[in-house]
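Me: I have a chain and its 3D model to go through. Can we take it in short questions and answers?

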Amino acid sequence: MPATASRPLRAHFRPPRPSPGLLPRVLSPLVADLGIDPGTANTVVYAQGRGIVVQEPSVVAIGADRRRVVAVGRAAQRMIGRTPRDITTIRPVRGGAVADFEVTHTMLRCFLRAAHSLRGWPRLVMAVPAGATSVERRAVRDAVLRAGARAAVLVDEPLAAAIGAGLPVEEPAGCMVVAIGGGTTEVAVTSMGGVVAHTSVRVAGDDMDEAIMDHVRWRHGLIIGQPTAEALKIELGAMRPCAGDRTSLHGRDMVTGLPREMEITAAEVREAISGPLEQILTAVEMTLSVTPPELAADVMDRGILLTGGLAQLPGLDVVISERTSVAAVLAEQPQLAVARGVGRLVEERALAGRLLHPRRAAWS
Ligand SMILES: Nc1ncnc2c1ncn2[C@@H]1O[C@H](COP(=O)(O)OP(=O)(O)OP(=O)(O)O)[C@@H](O)[C@H]1O
Ligand SMILES: [Mg+2]
């Protein structure tokens, strides 16, 4: 095998960072613990005693040789679709799971450095999708440990969202949370500090963006990028007709290859995103159908809490309510609910001790 071909592999199997020695342990009380929500679209970091300190897109712009990091976060997001040939933009987390280990590690290291003012080895509480496999959990845990964390405790994302939104998760009563982000929709019913029923589907905002790109391409022969599709979704994706329901967009004509402008209506955008929307609604219905009857009655009384960025789509709460006959309520700052939840677990040790795995809550 040529020497160049083996290089990326060797980099991948670089030995893990040695565990911190005596000095970090002595200094550990000085290093703030962190909570992290490494999402498909955005990563949010909460620092003990300071609140949310990082809220950045999960994007890395990297040289084609995968050695030179050009930009991370917001700066890298601005480069999507605009890079020269020797730079690519990568979203290393897909469907809530690590899709590119090396780039995820680079991105998290950058965010962790930005989050803690003192150089040190912070301990982390980290949200992962409830449907993540053990391999996926290990991958994301390894990525933060290599990125500079001393210990990492994982918590299911819907449970963290419920804690962050202030739901009484420890009571023997059912609370239903629907977290709809960029890559995953997590639906869970919690009671007594645990998840009783849950459904996790890898369909969310990104799939709607792709559905809009496909629609514009095949219906109008126009190629548009993901940022344009996302902007259309946010501007015109409202579930109900409203005033000013059309906009113009620019793209590249599929036939001539030249730039072209066209108009698109909200009805078309709604039609384009109807497929992913249906999958999200089915996940909510499925979870309700496997919820024990006593807890289902609690959910009827209390309603469904919506979190995650996509939950802000106007009218989505009404569509979910109509479909399930249960009132749906949008959380305050829904995109930050999970980070607030991991933040509460960082701040309130007793709560973390009760809700997280007993052995792991001791930050082993
Ligand atoms: N105002 C808005 N209306 C509709 N959708 C929005 C709005 N703001 C953001 N979004 C969408 O929310 C999604 C990102 O949400 P969020 O940051 O919660 O995802 P994430 O946590 O990174 O992803 P995941 O939890 O799936 O891994 C994107 O698809 C984005 O387009
Ligand atoms: Mg999320």
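Me: Is the crossing of helix 10 and helix 12 left-handed or right-handed?

Reply: This is a predicted model, so local features are read where pLDDT is at least 70. Helix 10 covers residues 274-289 and helix 12 covers residues 316-324. Their crossing is right-handed.

Me: How are helix 10 and helix 12 oriented to each other?

Reply: The two helices pack at an angle of about 45°, and their axes are 10 Å apart. Angles of 65 to 115 degrees would count as roughly perpendicular, and those under 35 as roughly parallel. Helix 10 and helix 12 are therefore oblique.

Me: Which residues of helix 12 meet helix 10?

Reply: Helix 10 brings Leu281, Val284, Glu285 and Leu288 to the contact. By class, this contact has four nonpolar, one polar and two charged residues. On the helix 12 side stand Ile320, Arg323 and Thr324.

Me: How many residues of helix 6 are buried?

Reply: Helix 6 runs over residues 157-164. A residue counts as buried if 20 or more other C-beta atoms lie within 10 Å of its own. The buried residues are Glu157, Pro158, Leu159, Ala160, Ala161, Ala162, Ile163 and Gly164.

Me: Which residue just after helix 6 takes a positive phi?

Reply: Look just past the end of helix 6. Phi there is about 80°. The residue is Gly166.

Me: At what angle do helix 6 and helix 13 cross?

Reply: Helix 13 spans residues 337-347, and its axis comes within 6 Å of that of helix 6. The pair is therefore roughly perpendicular. The crossing angle is roughly 80°.

Me: What classes of residue make up the contact of helix 6 with helix 13?

Reply: Helix 6 contributes Glu157, Ala160, Ala161, Ala162, Ile163 and Gly164. Helix 13 contributes Ala337, Val338, Ala339, Arg340, Gly341, Val342, Arg344 and Leu345. By class, that gives nine nonpolar, two polar and three charged residues.

Me: Which elements give two or more residues to the shell around ligand 1?

Reply: The shell holds 20 residues, and the closest are Gly39, Ala41, Gly181, Gly205 and Gly309. Two elements give two or more residues to this shell: helix 7 (205-220) and helix 8 (226-236).

Me: Is Met192 buried, exposed or partly exposed?

Reply: Met192 sits in the loop between strand 12 (185-191) and strand 13 (194-201). Its phi is near 50°, a positive value in a residue other than glycine. It has 13 C-beta neighbours inside 10 Å, so Met192 counts as partly exposed.

Me: What is the phi of Gln333?

Reply: Gln333 lies in the loop between strand 18 (328-330) and helix 13. Gln333 is partly exposed, with 14 other C-beta atoms within 10 Å. Its phi is positive, though the residue is not glycine, and is near 40°.

Me: How far apart are the C-alpha atoms of Val53 and Ala114?

Reply: Val53 is in strand 3 (residues 51-57). Leaving out residues up to four places away in sequence, Val53 touches Val45, Ala47 and Ala115. Val53 and Ala114 are 61 residues apart along the chain, and their C-alpha atoms are separated by 8.1 Å.

Me: Which residues does Ile87 touch, not counting those up to four places away in sequence?

Reply: Ile87 belongs to strand 6 (residues 87-90). It counts as partly exposed, with 16 C-beta neighbours inside 10 Å. Its C-alpha atom is separated by 8.6 Å from that of Asp65, 22 residues apart along the chain. The residues Ile87 touches are Ala61, Gly63, Ala64 and Val70.

Me: What share of the residues in the chain is buried?

Reply: The chain has 15 helices and 18 strands. Of its contacts with a separation of 6 or more, 65% join residues 24 or more positions apart. Of the 364 residues, the buried ones make up 45%.

Conventions: Residues are numbered from 1 along each chain as its sequence is written. Chains are lettered from A and ligands numbered from 1 in the order in which they are written. This is a predicted model: local features need pLDDT of at least 70, side-chain atom pairs count only at pLDDT 80 or more; totals for chains, interfaces and linings use all residues. Axes are lines fitted to C-alpha atoms, for helices over the stretch in contact, and angles run from 0 to 180 degrees between N-to-C directions. Helices (H or I, at least four residues) and strands (E, at least two) are DSSP runs, numbered from the N terminus. Angles under 35 degrees count as roughly parallel, over 145 as roughly antiparallel, 65 to 115 as roughly perpendicular and the rest as oblique. A crossing is left-handed if the near helix is turned anticlockwise from the far one by less than a right angle, and right-handed if clockwise. Two residues are in contact if their C-beta atoms, placed from the backbone, lie within 7 Å. Ala, Val, Leu, Ile, Met, Phe, Trp, Tyr, Cys and Pro count as nonpolar, Asp, Glu, Lys and Arg as charged, and the others, Gly among them, as polar. A residue is near a molecule or strand if its C-beta atom, placed from the backbone, lies within 6 Å of it. A residue is buried if 20 or more other C-beta atoms lie within 10 Å of its own, exposed if 12 or fewer, and partly exposed in between; C-beta atoms are placed from the backbone.
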